[in-house]
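Okay, thanks for coming, everyone.

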Amino acid sequence: MSLKLHDLGQIMQETTRRGVGSRRWQHPAYVSFMPPCNNACPAGENIQGWLALAQSGEYEAAWRLLTQENPLPATHGRACYHPCETACNRGELDEPVAVHAVERFLGDMAVEKGWVVACSPPSGKKILVVGAGPAGIACAYHLARKGHAVEIRDASEEPGGMMAHGIPAYRLARETLRAELSRVLAMPGVTLRSNTRVRDVAQAMAEGGFDAAFVAVGASVANHLDVPVEDGHRLLNAIDLLHDVSSGARPLLGRVVAVIGGGNVPWMPPARPGGWVRARRCWCSAMTPPIWKPCQQKRRKPAWKARKSAGSVLRSISAQMG
Ligand code: SF4
């Protein structure tokens with residue numbers, strides 16, 4: 001039985017013209033869209049691009065493509081929550097692509113080999129950046145690549161902001177952070193003034209002859225939580241606790257500790273036996289039970305295990321707050 005064109009369905013009929021023989025006049029077109037990992041990456045990296053280069057062994061080219069967006073790949077390869085992997089649709093098949101592990105590998109290789117980024121010739125513009133945390137460092141990096149002179153002023157002794165004070169060293173090795181920060185601070189035209197608090201941006205700009213200012217003071221002050229404490233019991237917020245620990249202090253908290261919140265930060269101290277919280281009992285509460293829900297699974301599992309092996313009891317008081 002011979003098939004006629006009108007038997008081949010509506011699509012064929014609509015996309016086929018009859019001449020001497022039938023021929024297609026519409027074709028599928030390959031359209032390049034951003035994959036879900038790019039969309040999820042807060043740094044907006046061209047992940048598929050540098051992964052492809054890394055896969056073919058062109059590590060320096062991969063690092064150069066990666067650092068067009070992100071100046072600190074070794075840092076992000078350790079500290080980032082890698083939402084790129086959560087969004088990766090390969091995860092629906094077996095496992096997401098290990099993006100942050102490759103990012104870390106490339107970042108470490110760049111530190112080891114001393115790769116530096118190229119900068120444009122001086123533009124004659126001078127920019128004031130207030131704060132040497134992740135935003136200030138990233139801003140200085142991108143401005144320096146464009147050839148602008150940048151002066152970073154920071155109230156702390158060391159640059160890094162919350163990367164240095166809010167992330168424990170076991171998650172982000174200080175030598176790695178310092179190596180990547182040094183690379184940015186050594187770029188042409190970049191200077192850092194530590195222990196310099198800017199109280200009046202307009203005045204600082206006028207005095208320094210700056211063309212523009214970028215204020216990147218971050219969010220290093222904790223929200224106040226009105227919890228009544230009696231009999232001299234201590235109430236600490238996570239930011240101050242992390243700051244103390246990163247500067248070498250070991251807070252004495254007592255034998256029983258209540259942790260309010262179920263995110264990643266509260267789960268860090270109980271994760272380190274013999275480290276920060278030497279309490280025999282640790283009570284956790286969260287806005288939404290179960291208490292561990294807001295915490296990434298890969299962090300809470302070792303936290304729970306480590307706490308148990310340290311002989312502590314981790315219990316939920318599952319407070320329904322607010
Ligand atoms: S791990 Fe790297 S690529 Fe993934 S979201 Fe974080 S910064 Fe972006």
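Predicted model: local features only at pLDDT ≥ 70, side-chain atom pairs only at ≥ 80, totals over all residues.

So, find strands S3 and S6: they pair in the parallel sense, over four bridges.

Now zoom out a bit. That pair belongs to an open sheet of four strands, ordered S5-S4-S3-S6, with parallel pairing. Which strands stand at the edges? That would be S5 and S6, which is residues 212–215 for S6; each has a single partner strand, so one side of each has no neighbour in the sheet. From one strand to the next, the twist averages 20°. Then there's helix H11, residues 201–208, lying across S3, S4 and S6 and running at about 145° to S3.

Okay, on to the packing. The largest nonpolar core has 25 residues, and Val129, Ala140 and Val150 are the ones with the most contacts inside it. Who gives two or more residues to this core? On the strand side we have S3 (126–130), S4 (149–153) and S5 (190–193), and on the helix side H8 (134–145), H9 (162–165) and H10 (174–185). H8 gives the most, six residues.

Setting aside its neighbours within four places in sequence, valine 150 is in contact with Ile127, Val129, Ala140, Leu143, Ala144, Gly189 and Val190.

Next, the ligand. It's surrounded by 13 residues, and the closest are Cys41, Cys80, His82, Cys84 and His100. By type, the shell divides into seven nonpolar, four polar and two charged. Two helices, H6 (83–87) and H7 (99–113), each supply at least two residues of that shell, and the largest share, three residues, comes from H7.

Last, the whole chain. How many helices and strands does the protein chain have? There are 14 helices and nine strands. The chain has 322 residues, and buried ones make up 30% of them. And if you take contacts between residues at least 6 apart in sequence, 68% join residues at least 24 apart.

Definitions and conventions. Residues numbered from 1 in each chain as written. Near = placed C-beta within 6 Å. Nonpolar A, V, L, I, M, F, W, Y, C, P; charged D, E, K, R; others polar. Buried ≥ 20, exposed ≤ 12 C-beta atoms within 10 Å, placed from the backbone. Contact = placed C-beta atoms within 7 Å. Core = buried A, V, L, I, M, F, W, Y, C linked by C-beta atoms within 7 Å. Pairing = 2+ DSSP bridges. Axes fitted to C-alpha atoms, helices over the stretch in contact; angles between N-to-C directions.
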